[in-house]
Amino acid sequence: MFGIGVVVPLIKGQHLDKCMADNYRGITLSTHISKLFKMCISDRYGEYLWSSDLQFGFKKGIGCNHALYTVRSVVEYFTAAGSVINLCALDMSKAFDKVNHYAVWIKLMDRSVPLILLRTLMHWYGLCSAVVRWGNVFSVEYHLQCGVRQGGVLSPVLFAVYVNSLIEMLRHSGYGCYVDNLLVGV
């Protein structure tokens, strides 16, 4: 039962067209015991599930407002000095659904996670399936071959691990904005 989730579509905003599928976000409901188990994994193995200090998402006490403040401060810093700033945005709105499980396992292996954690996650994600609940009606069960569950306890952490290598590649490239030798380029 740990692998089965119930996806509940939630409208992203009150004034959006309810007939458009893109206006919904699917939140996966899992059993309480599986959530508790995921919290235990996070607590026990958190040292392996780190992400760059340039990653603002999915961390306690840090969020979108901090990222926006940082971007604005960097832009103001460079434009005040007469520099031109070029910004690039990456739309990752559906990214949770696209996470390649095998890529996550490789990234975790590169971090030398204990084998018991790796095997548990691989087995668990290999069993992942879901049904969609619309009102009181349930779809047929389907197998999930990729992605991390929207609303899952470990999902944000695993996603941060998944994208962390992009941030680190930028850090080591030398590109980006530096303020007093501190990279603030992502």
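**Figure 1. Overview of the chain and its contacts.** In this predicted model, residues 24 or more positions apart account for 61% of the contacts in the protein with a separation of 6 or more, where a contact means heavy atoms within 4.5 Å. The C-alpha atoms fill a box of roughly 60 × 45 × 25 Å, taken along the principal axes. Of the 186 residues, 30% count as buried; buried means under 20% relative accessible area, exposed means over 50%, and partly exposed lies in between, using a 1.4 Å probe and protein chains only.

Residues are numbered from 1 along each chain as its sequence is written, and side-chain values use heavy atoms, with hydrogens and water left out. As the model is a predicted one, local features need pLDDT of at least 70 and side-chain atom pairs count only at pLDDT 80 or more, whereas totals for chains, interfaces and linings use all residues.

**Figure 2. Strand β1 and its two partners.** Strand β1, which covers residues 4-11, runs parallel to strand β3, residues 129-134, and four bridges join the two; strands are said to pair if DSSP finds at least two bridges between them. Within this pairing, I4 has S129 of β3 as its bridge partner, and V6 stands opposite V131 in β3. Strand β1 is also joined by six bridges to strand β2, residues 24-29, and these two strands run antiparallel. Here I11 stands opposite Y24 in β2.

Figure 3. Strand β3 pairs with strand β4, residues 137-138, in the antiparallel sense over two bridges, and R133 stands opposite F138 in β4. The two strands form a hairpin with two residues between them, and G135 in the turn has a positive phi of about 70°. Strand β3 is likewise joined by two bridges to strand β5, residues 142-143, in an antiparallel arrangement, where A130 stands opposite Y142.

**Figure 4. The largest nonpolar core.** A nonpolar core is a set of buried Ala, Val, Leu, Ile, Met, Phe, Trp, Tyr and Cys residues joined through side-chain atoms within 4.5 Å. The largest such core has 23 residues, of which W105, L108, L121, Y125, V148, L158 and F159 touch the most other members. Two or more residues of this core come from each of the elements α1 (32-45), α3 (95-98), α4 (101-110), α5 (115-126) and α6 (155-173). When residues up to four places away in sequence are not counted, L158 touches V104, L108, L121, Y125 and V148. In soluble globular proteins, nonpolar side chains tend to be buried together.

Figure 5. N164 is found in helix α6 and counts as buried because its relative accessibility is 3%. Leaving aside its neighbours within four places in sequence, N164 is in contact with W50, S51, S52 and R111.

**Figure 6. Exposed residues in two loops.** In the loop between β6 (178-179) and β7 (182-183) lies D180, which has a positive phi of about 50° although it is not a glycine, and D180 counts as exposed because its relative accessibility is 68%. N181 is found in the loop between β6 and β7 as well, and N181 has a positive phi of about 65° although it is not a glycine. N181 is exposed, with a relative accessible area of 78%. Most residues other than glycine have a negative phi. A89 lies in the loop between α2 (64-80) and α3, and A89 counts as exposed because its relative accessibility is 76%. The C-alpha atoms of A89 and G26 are separated by 24 Å, and these residues are 63 residues apart along the chain.
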